[in-house]
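Welcome, and thanks for taking a look at this model with us. Please keep the sequence and the 3D view open as you read the notes below.

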Amino acid sequence: MNRLEGKVALISGGSRGMGASHARMFVAQGAKVVIGDVLTEEGQKLADELGDAAEFIKLDVTSYENWQAAVELAEQKFGGLNVLVNNAGIINFDPLTEYSVDDWSKIININLTGQFLGVKAAVDALVESAPSSIINISSTAGFQGIAALHGYTASKFGVRGLTKSIALELAGKNVRCNSVHPGTVSTPMNAGLDVADFNPMKRMGTVEEVSNLLIYLASDESTFTSGTEFLIDGGELAGTGPLEEK
Ligand SMILES: NC(=O)c1ccc[n+]([C@@H]2O[C@H](COP(=O)([O-])OP(=O)(O)OC[C@H]3O[C@@H](n4cnc5c(N)ncnc54)[C@H](O)[C@@H]3O)[C@@H](O)[C@H]2O)c1
């Protein structure tokens with residue numbers, strides 16, 4: 001299938017985990033992909049594996065200049081940019097007394113400001129190559145608090161709000177912007193954590209399950225969808241119960 005024929009995507013945090021899966025599955029659907037990440041070895045290896053359809057560039061999402069260079073690469077190498085996947089993210093956590101101001105600043109800078117910088121650097125290119133789609137990766141932590149994940153929860157709520165102001169501003173220019181809210185998905189980010197019980201399906205999601213949703217959002221199948229949230233969480237936010245007999 002070629003659901004992404006003619007699409008050029010820039011994926012932040014694309015060297016491993018969900019971002020790497022998006023890169024692989026976008027290319028399989030006919031897209032060209034720029035992978036941006038601070039992990040240079042893994043990112044270059046993935047780009048080599050994907051051949052002419054992919055390029056790697058070192059991208060620290062907290063650097064506006066890095067973002068500008070990544071957008072330029074997409075334009076020069078692939079002739080434009082019509083999909084931006086703001087996927088790069090980190091996690092940190094601690095009780096309030098131990099959670100430092102540096103912990104807070106770091107995660108807000110990467111998880112939230114990093115997405116703003118990406119959109120700011122890419123907006124002209126996205127408008128020029130429209131119809132375009134911005135996909136901001138949030139979390140179920142963009143809907144509910146998670147104990148001790150103060151900065152993570154705040155950043156992911158922030159992504160959800162930022163998505164809406166961007167969607168409103170760009171709707172008339174044929175650029176959509178939506179947020180995606182995964183539950184627990186098996187990636188290096190949560191390796192070793194016992195989180196399968198977080199949802200009623202009692203399993204973690206796979207990276208491919210999330211990539212399938214992103215293919216829909218990146219493609220022109222979703223051209224009437226903007227400013228909204230896509231939960232992909234194994235039912236985590238559906239509610240509580242059923243009650244079990246004791
Ligand atoms: N894994 C989960 O259960 C889960 C659940 C909900 C949301 N998410 C979100 O999904 C996204 C992808 O997470 P993942 O699970 O694949 O994690 P991961 O740690 O496997 O991948 C994250 C990628 O982001 C990159 N990155 C980190 N800081 C960066 C920076 N400053 N600049 C550029 N790249 C940077 C890392 O190098 C890595 O390649 C994140 O935004 C995360 O918050 C993950």
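## Around the ligand

Of the 28 residues around the ligand, the ones that come nearest are Gly13, Gly17, Gly89, Thr187 and Met189. A residue counts as near a molecule or strand here if its C-beta atom, placed from the backbone, lies within 6 Å of it. By class, the shell around the ligand holds 13 nonpolar, 12 polar and three charged residues. For these classes, Ala, Val, Leu, Ile, Met, Phe, Trp, Tyr, Cys and Pro are nonpolar, Asp, Glu, Lys and Arg are charged, and the others, Gly among them, are polar. Helix α1 (residues 17-28) gives the largest share of the shell, three residues.

Before going further, please note that this is a predicted model: local features need pLDDT of at least 70, side-chain atom pairs count only at pLDDT 80 or more, and totals for chains, interfaces and linings use all residues. Residues are numbered from 1 along each chain as its sequence is written.

## The sheet

Which order do the seven strands of the open sheet take? The order is β3-β2-β1-β4-β5-β6-β7, with parallel pairing. At the edges are β3 (54-58) and β7 (229-232), each of which pairs on one side only. From one strand to the next, the twist averages 20°. Strands (E, at least two residues) and helices (H or I, at least four) are DSSP runs, numbered from the N terminus, and two strands pair if DSSP finds at least two bridges between them.

Strand β1 (residues 8-12) and strand β4 (residues 83-86) run parallel and are joined by three bridges. Leu10 has Leu84 in β4 as its bridge partner.

## α1 against α6

Helix α1 packs with helix α6 (residues 207-218) at an angle of about 55°, and their axes are 9 Å apart. Axes are lines fitted to C-alpha atoms, for helices over the stretch in contact, and angles run from 0 to 180 degrees between N-to-C directions. The two helices are therefore oblique to each other; angles under 35 degrees count as roughly parallel, over 145 as roughly antiparallel, 65 to 115 as roughly perpendicular and the rest as oblique.

On the α1 side, the contact is made by Gly17, Met18, Ser21, His22, Met25 and Phe26, and on the α6 side by Val207, Glu208, Val210, Ser211, Leu214, Ile215 and Ala218. Contact means that the C-beta atoms of two residues, placed from the backbone, lie within 7 Å. This contact of α1 with α6 has eight nonpolar, four polar and one charged residues.

## α4 against α5

The axes of α4 and α5 cross at roughly 15° and come within 9 Å. That makes α4 roughly parallel to α5. Among the residues that meet here are Trp104, Ile108 and Phe116 in α4 and Tyr152, Lys156 and Leu162 in α5. The contact of α4 with α5 has 11 nonpolar, six polar and two charged residues.

## Two backbone details

Where is Pro131 found? Pro131 lies in the loop between α4 (101-128) and β5 (132-137), and the peptide bond from Ala130 to Pro131 is cis, with omega near 5°.

Ala148 is in the loop between β5 and α5 (150-170). Phi of Ala148 is near 75°, a positive value in a residue other than glycine.
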